[in-house]
Amino acid sequence: MRPKLVIVYLLIVIAPLAAVGWLGAALARNEQTMVAVRFREVLTGKLNDTASNVAGLIEQRERELMTVSNLSALSPADLRERARASGIVRQYFVLDQEGDLVYPSPSGELMASEVEFLRRTESIWSNGEIPGPNAESQQASRAVQSETRTKGWHVGFWGSGVSLVFWWRDERGAVVGAELNEARLISDIVGILPETTTPEYTGRMSRSRQDDCTTLVDPKDAVVYKWGAYSPNAKETPRADVALFPPLQAWSLKYYSPAAPYGQGMIFSVILGFTAFGVALVVLALYFYRENTRAIRDALQRVSFVNQVSHELKTPLTNIRMYAEMLDGDLGEADTDTRRRLGVIVSESQRLSRLINNVLTFGRNQRKLLTLHRTPGIIDEALRSIISTFDAPLNARGVTVDLVTGAGQEANFDRDALEQIMGNLLSNAEKYAPNSGRLEITSHQNGDTVTITVSDQGPGIAGNLRERIFEPFYRVSNKLTDGVAGAGIGLTIARHLARLHGGNLTLEPSPRGARFKVTLRATMRRSGGTP
Amino acid sequence: MNAMHHRSIVRALATLVVYLGGDYAARAELVSLDAALGTPVMLAGEKQKAYLRVALTGADLGDASKRAPVNVAFVLDKSGSMQGEKMERAKDATRMAIEKLRDIDIVSIVAYDSTVQVLVPATKLTDRAMVSNAINRLTADNSTALFAGVSKGSAELRKFFDRNRVNRIILLSDGMANVGPSSPGELGDLGMSLGREGIAVTTIGLGLDYNEDLMTKLAMKSDGNHMFAENAVDLDKVFAREFGDVLSVVAQNVKVTINCAEGVRPIRVLGREADVAGRSVSVAMNQLYGSQAKYVILEVEVPGGAKGSQTAVATADVSYLNMRTNAPENVRRVATASFTDSPAIVEASAKKDVMAAAVYQIGVERNIMAMRLRDEGKIDEAARVLTSNVNFLNENFDKYGDVNLKSYSDSNNTAASNLDSSLWNLQRKKMREEQHEIVTQQSFRSRSGTSR
């Protein structure tokens, strides 16, 4: 009983806890991915804002470059002077109608820096990557697209450097362009990106809020610029990563922060809730356990009290019975009135003694102390003797016993046990089937097996209660049984004893009334055998 | 209509009077230009090489109140290696430098390690306490984002950018740039861009761990100064020199254009960076300092003229922004050559100072070559080049008597003996500093003579 109870209690605690834990974890995981996604969106949005600022700078550069009117009309000397005076432009160039370079002309007198420029941008000129002014007419099929293009970027990689070329159509319709000083462009981008704020300088701003950083990363994956106090290690994956807008799409912004700044509170609250729920369950289970053990302890105390009382009652009752029976023997036939009264005393004390026996047997059974004391004898004789003690009360209730014996061979059995079984059955018939007329009792002996049936003509017992009536303290509740005294342990004990005796006590189906069948294993006494 | 006409004539006359009067004298003094061949007399009938020197000298500013307003950004290294004395000395030097500025001057202070902090956004020096507090708060840690530091410094400068101010970044670094673009080429490109814009970057290398190639390149391309402070205690002196320069600028946006005469071929410009296109050579300088000469030496090929004839070899045009009047000005000089058939006359008429200047620059070229050989591990060859350079400089010292040649000869001698010693790192930094000083005629060097 105990281990089963422990399992039940563990189930009470663990099963809901597991269910809630699983749900909570699933919820937390869901929530966390959702928060992570939202967080990434926010970060990406922030990085996109920064990328837009950079795009704004590029647009401003474009506008600045395109303010020079009629660039294609300038002389090479002027173009050189213009580039020399500009911190932004490394080299200007002008294309002719065929899309060939007019300045710096590969066949002209070139400065060393112009030769370098032609070498760097060779692929542009050899592949015609910048459309000449007549591109539309030459390639009519692709005209629709190229006609709308009046400016554009070309990003080339050479050696360890990058060549950023911007071209546009000037007012004369010629394609002109400029190669930018890349270092300067990057420097200007760095100039508009935020700097790391000093905690001292910004006053009360807490240090923890600065525990992140953003980096600008070049096409070779090298950090160009970084702001924020956090130092990510080399393999750390950024929490958000956004490429700059063309023409700088090979550059990207990456955001790093040391730990997920989200979800921790969620996990914490889930764990807290989980723990609280678990504690509540354990407390509840402990409460039930305590109540249960107290109930059991109370019951045991009651049983032991009843046991003790029964023991105390047994001796005086035996004396009462003994002296009443002796008195009955002494009286003689004459005094019928007195004898009748004496009969009542005897039968009532017998009933009381059965009750006490039942209680004691029940207590012994509870304590696993019930044993049999088999003695050789004849079942039928024992039956007759037992029934005779019930004749008077049964007759008084309008029941007549009709005994059909068939177990006349000598057998080894516990007479007291048989008496208790039969006593309980007969007493039940007396109590619950009054005025039912014939009570039929049969006995049968087949080898070791003795079968006794007790069939009354009373109201009977509903089929669905066939087993429950054998449970301790169960009493069928109906009009008939209400108001009839009883402890509800008689049938329980009778069945126990029958089973102890190697047999059983069952309620058999019967067309009318209740029909109990007792089977006993009573070893026959054989010649030369030992008892 | 009539009245307006009248007024404009009056104004024109007034301008003329001012021009011919006091201002004319001031203008004549501010930048003096000289263009001359090292060998003004050449052999007749023979194609030959000659050195042309175009020299510009800024006038002494005299009264400090006349000096041009300054817009300066201090870009200070606060990486981990700066911790302790270096940081304190740098702060002291910065404070001292700021002391020398007037309230109308603009200062910004940017500090960089792996990231950049703008300690003092560009501001007029009216609130000196704020600037001083910001300097006090400076502490050192982390690595070195030099490119970003200069970028942020230049962004601060641009807030108040004005060609009529001396716009300057003073970059202090004691370590290798290791965050962001860090090659001399990239920093050189940035320097070129800033120089063209009118921002000079002065680079100060502190200690033995900075990259002298990167720092000199940045200074050279932007026409700033470069100085090597071996110890933190030298920073005061270095800053003082630098501010001596900053506060004596007389002209900015200086453009030298040399147009060679028909038949004369420009070969190369010694030392300085120049654009050569056909017969036209241009060299840009960011600024000219008071009482100090800067020059461009151009090697040319002159076709032999007829004996006794005289011809113009080249025209030198210099345009600059007069920092006293804030007006652009131009000066022109023509260099001529005459021809003889007597080598003795050629020898005797040689201009010693021009020849010495050319030798000085060639000495630097050889010094650079030796350094490259040493970098490639060819120590013996490097030593040979340096030794021959010592002899070359000594011979020419005997010939032209310029003490600079003698002292540079000594420097080369020292370098030769330090090539494979543990002193090479220190030596290399000194060599770079010296090369930069000679090529750009860094002002305090010529003023204080051969101080080192």
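Biologist: What makes the side chains of A:Glu81 and A:Arg84 a salt bridge?

Modeller: Their N to O distance is 3.0 Å. The rule asks for a side-chain nitrogen of Lys or Arg within 4 Å of a carboxyl oxygen of Asp or Glu, so the pair qualifies. The model is predicted: local features need pLDDT of at least 70, side-chain atom pairs need 80 or more, and totals for chains, interfaces and linings use all residues. Residues are numbered from 1 along each chain as written, chains are lettered from A and ligands numbered from 1 in written order, and side-chain values use heavy atoms, without hydrogens or water.

Biologist: Where do A:Glu81 and A:Arg84 lie?

Modeller: Both lie in helix H2 of chain A, residues 76–84. They are three residues apart, about one turn of the helix. Helices are DSSP runs of H or I with at least four residues, and strands are runs of E with at least two, numbered from the N terminus.

Biologist: Why is A:Glu81 called partly exposed?

Modeller: Its relative accessibility is 31%. Buried means under 20%, exposed over 50%, and partly exposed in between (1.4 Å probe, protein chains only). The value falls in between, so A:Glu81 is partly exposed. A:Arg84, at 14%, is buried.

Biologist: Which residue of chain B forms a salt bridge with A:Arg84?

Modeller: B:Asp275, with the closest N and O atoms 2.8 Å apart. B:Asp275 is in strand S12 of chain B (residues 275–277) and A:Arg84 in H2 of chain A, so this pair joins two chains. B:Asp275 is at 18%, hence buried.

Biologist: How do you know that B:Arg428 and B:Asp213 tie together separate parts of chain B?

Modeller: Their side chains meet in a salt bridge at 2.7 Å, N to O. B:Arg428 lies in helix H13 (residues 424–440) and B:Asp213 in helix H7 (residues 212–222) of chain B, so the linked parts are 215 residues apart in sequence. B:Arg428 is buried at 8%. B:Asp213 is partly exposed at 21%.

Biologist: What makes S15(A) and S16(A) a pair of strands?

Modeller: Five bridges join them, and they run antiparallel. Pairing takes at least two DSSP bridges, so the two strands pair. One bridge sets A:Thr506 against A:Lys517. The strands form a hairpin with six residues between them, and A:Gly513 in the turn has a positive phi of about 70°.

Biologist: How do you know that side chains alternate along strand S15 of chain A?

Modeller: A:Leu505 and A:Leu507 point to one face and are buried.

Biologist: How many residues of chain A are in contact with chain B?

Modeller: 36, touching 32 of chain B (contact: heavy atoms within 4.5 Å). The buried area is about 2700 Å² (the accessible area, 1.4 Å probe, that both parts lose on being put together, summed over both). Carbon and sulfur atoms give 52% of it. Five salt bridges are counted between the chains.

Biologist: Which elements give two or more residues to the side of chain A that touches chain B?

Modeller: H2, strand S1 (89–95), helix H7 (182–192) and strand S7 (223–227) of chain A. H7(A) supplies the largest share, eight residues.

Notes
Buried area = accessible area lost by both parts, 1.4 Å probe.
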